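Please look over the sequence and the structure shown here before reading the report. The headings that come after it follow one topic at a time.

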Amino acid sequence: MFTLRSRIAVLALICLFAPAAGAQNAGAGLEVGRKMLLEDNPGELWIDRGKRIFHEKRGPKKASLEQCDFGMGPGNLKGATARLPRYFADTDKVEDLDSRIVTCMVTLQGSDREQVKKSAIGRPLTDGSDIEAIAMYVASHSNGMKMDVRLDHPKEREMYKAGEYLFFRRSGQTDFGCVTCHGQPDKRIRLQDLVNMLDKKQIQAVAGSWPAYRGAHGISRTMQWRLYDCFWQMRLPELAYLSDVSIALSTYLNYQGNGAVVKVPGFKR
Amino acid sequence: MNRSRRRVLELGGGVAALGAAAAAGLIPAGAAAAAWNKPGFESKAAADAIKSLGASGMTESRDIAITAPDIAENGAVVPIAVTSRIPNTESISILAEKNPFPLAATFDIAPGTEGYASVRIKMGQTSHVRAVVKAGGKFYTASKEVKVTVGGCG
Amino acid sequence: MKMKKTAIEWTIGAAAVLAAVGCATFPDAQETRGTAESMVKASFTAPTPNLLKRLDQDRAQQICSKIGKAELTPAEAAEVVKLSRASIEYPKSGKFAGNWKAGAKLAYDGGGDRIQGGRLEKRAHNGGLCQNCHGLEAGEVNVGNVGPALTGYGARGNSEAIAKYTYERIYNAWTYFPCSNMPRLGATGHLTPEQITHLVAYLIDPQSSLNRK
Amino acid sequence: MAEPMRIRATLQGDVADVRILMRHPMETGQRKNPKGEIIPVHFIQSVVVTHNGKTVFDAQWSQAISRDPFLGLRIKGAKAGDKVSVTWTDNKGDKRTDEATVAASS
């Protein structure tokens, strides 16, 4: 006998990146709704929320995140996320948007890194996490700019190559790798269009759309969540927040998406 | 993040049982309760909800346009816009006929405001979405089917 | 008036370009593999060590993880086929076709076996996942297209040979199509042999909803 | 405390196209928290929109309105600089009022 939960679980899907609203191949039946949701996107409310949290004095050091350096110098947010992930000398690491927010919460505000990571991905249908809101606020400063991830530093190139390798790496109960669903044109998991990440145009259609408001969760989500969810659907172990695999895949995918115009919040079903 | 997945999945159940609390009289009267159409919002049948609006007979009208997706990817967020070109439109109501409590919203529109309202509703299953327009004291209606595919991608 | 570059300027320019190119070397395939595999070891958590092993690739998965446009060599394909054939276990009942109604339920069941919040999804049995990728009943819109539509699959008959072939295709698709996107549902342990017989019936039984016009 | 709304009011001819986003959980009263306890029903029941102080639009909602609600409406006879004010009230009596100025179409 199926419980209600399992019956609904039946309907859950394997999907890595839902395409941006208005992306190619969407049936006309879906298109109207996607357009309406994207036009008036509740994710906008997360920009405001993130702004409040970003400028608030918080943590043991009672400091705001205003001096956080996202790669364009302390306090300069403009265009910063369009360049992420990138290498940061102070941590000697390649960091993505989430990672850099966590770094600043630790260094500037004195927060405990593990504690911050624990609550970084908010539960669906709650207020979500502070990081999810901050990420949306920071990313909104890159709106209209082109994705421009660079591979100048050896560690960036190492991450990129590892990300590429991981994209094609198949394992687990389903024999899936990212490429299984995202390596061919015009494919769908149930009704969800699948972005062909090996096609420049298609990946550009989504590369600038994160963070995004996730309708089913009622909160803003970042790429960290998106990748976590992929591995969950692939029946693989849980991808750790800010793990090297997550950064490597983001580096690979965002670099492939270079040239995409940033437009956040995105809206994902 | 524990059990987050389960909680999303429970949403479907929440939609299905939508409004049971209202029926049980659990909803405290808010400040707007005077205007809030309690019998209408607590009706389990679309016909009863429509009656609560004061409509005994309705005319199908082509001057009412419902903009909504043919297929909703997520029943929790179904965008619905209703445009009434009927002169002197006084109110627009939106019903999802197969929701446990069909009446989702009523918009009272003052003269000088367009007969238009756009909103998003939760739908438990595939259903006709009905717009009921009151204009010049008379009632008009139009409907459109919206297919709901619960869940979808991750 | 345009200035003409002197030879020296050209030389300096070329040196800079060369330097930049020299800097921008990427780690080679061997090195990348080492880096990425250590990343995999350090980037995931699971409720039991046994579940972490899901990340370890078997030989066939390794072969099937071709990067970019690299293609499977005939020798590799043959090895995958051989490994796949050897993996197949047949149903104890000896019957390849079970109950099509049970199969239909499985085909639309996308759950089971996922790990979240430190827990393995608890299910009596896993879903067949078919709907995610295959067209099923005629007229059903909520289906994927990563794999071919299976609508009317029964048209090829329901002989023993067809039943056996279909069983093997589901148990380990790589027996026939090495490295295809189709999960090796029996071989990885996602489905039991008995569950697969139900899917076989769903596909080939003339009474099955899949084969109704 | 309720978070601010986002109100966009843009002039198209003499019509102000008003788009409002509100932060609200719109709980159905049927959902459970991770501990298995029912999350109490909590939803916006009324949204009143005024144009230069005069009520032009009065919405009544059920719990069937989606989380983080959106409301779109169109006010005729508007000019750039007009004030549009929006007040929502939920079933717990919580309220929030925000105001926007009608902007000329860009």
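## Basis of the model

The structure is a predicted model, and the features described here should be read with that in mind.

## The make-up of chain D

Chain D contains 7 strands and 0 helices, so that its pattern along the sequence reads β-β-β-β-β-β-β. The C-alpha trace of chain D spans about 50 × 25 × 20 Å along its principal axes, and 58% of its 106 residues count as buried. When contacts in chain D between residues at least 6 apart in sequence are considered, 56% of them join residues at least 24 apart.

## Strands and hairpins of chain D

S1(D) is joined by 7 bridges to strand S2 (residues 15-21) of chain D, and the two run antiparallel, with Gln12(D) standing opposite Val15(D) in S2(D). The hairpin of S1(D) and S2(D) has 2 residues between the strands, and Gly13(D) in this hairpin takes a positive phi near 65 degrees.

Strand S6 of chain D, residues 83-90, is mostly covered, with 7 of its 8 residues buried. S6(D) is joined by 7 antiparallel bridges to strand S3 (residues 44-51) of chain D, where Val49(D) stands opposite Val86(D) of S6(D). S6(D) also pairs in the antiparallel sense with strand S7 (residues 95-101) of chain D, over 7 bridges, and here Val84(D) has Ala100(D) in S7(D) as its bridge partner. The hairpin of S6(D) and S7(D) has 4 residues between the strands, and within this hairpin Gly93(D) takes a positive phi near 90 degrees.

## Salt bridges that involve chain D

Over all chains, the structure holds 45 salt bridges. In one of them Glu44(A) is paired with Arg6(D), the closest N and O atoms being 2.5 Å apart; this pair crosses between chains, from helix H3 (residues 44-55) of chain A to strand S1 of chain D. Glu44(A) counts as partly exposed because its relative accessibility is 25%, and Arg6(D) is likewise partly exposed, with a relative accessible area of 26%.

Within chain D, Asp17(D) forms a salt bridge with Arg74(D), with the closest N and O atoms 3.6 Å apart; the pair links strand S2 of chain D to strand S5 (residues 70-75) of chain D, its two residues lying 57 residues apart. Asp17(D) counts as buried because its relative accessibility is 6%, whereas Arg74(D), at 24%, counts as partly exposed. Asp17(D) and Arg74(D) also belong to a network of salt bridges that links them with Lys35(A), Glu39(A), Asp40(A), Arg8(D) and Arg19(D). In a further salt bridge, Glu27(D) and Arg67(D) have their closest N and O atoms 4.0 Å apart, and both Glu27(D) and Arg67(D) are buried.

## The interface of chains C and A

In this interface, 62 residues of chain C are in contact with 49 residues of chain A. The area buried between the two chains is about 5000 Å², of which 56% comes from carbon and sulfur atoms; Met39(C), Arg54(C) and Arg114(C) supply 13% of the area that chain C buries against chain A, more than any other three residues.

Across this interface there are 30 residue pairs in polar contact, and H2(C) gives the most to the side of chain C that touches chain A, with 7 residues. By class, that side has 24 nonpolar, 26 polar and 12 charged residues. The rule also finds 2 salt bridges across the interface of chain C and chain A, and the side chains of Arg184(C) and Asp175(A) meet in a salt bridge at 2.6 Å, N to O. Strand S7 (residues 238-239) of chain A is joined to S1(C) by 2 bridges in an antiparallel arrangement, with Glu238(A) opposite Thr45(C).

## A loop residue in chain B

Asp70(B) lies in the loop between strand S2 (64-67) and strand S3 (71-72) of chain B, and it counts as partly exposed because its relative accessibility is 41%. The C-alpha atoms of Asp70(B) and Glu145(B) are separated by 6.7 Å, although the two are 75 residues apart along the chain. The side chain of Asp70(B) makes a polar contact of 2.5 Å with the side chain of Lys144(B).

Notes: Residues numbered from 1 in each chain as written. Chains lettered and ligands numbered in written order. Predicted model: local features only at pLDDT ≥ 70, side-chain atom pairs only at ≥ 80, totals over all residues. Heavy atoms only, no water. Contact = heavy atoms within 4.5 Å. Buried area = accessible area lost by both parts, 1.4 Å probe. Polar contact = N/O pair within 3.5 Å; in protein donor to acceptor, adjacent residues only side chain to side chain. Nonpolar A, V, L, I, M, F, W, Y, C, P; charged D, E, K, R; others polar. Pairing = 2+ DSSP bridges. Buried < 20%, exposed > 50% of the residue type's maximum accessible area, 1.4 Å probe, protein only.
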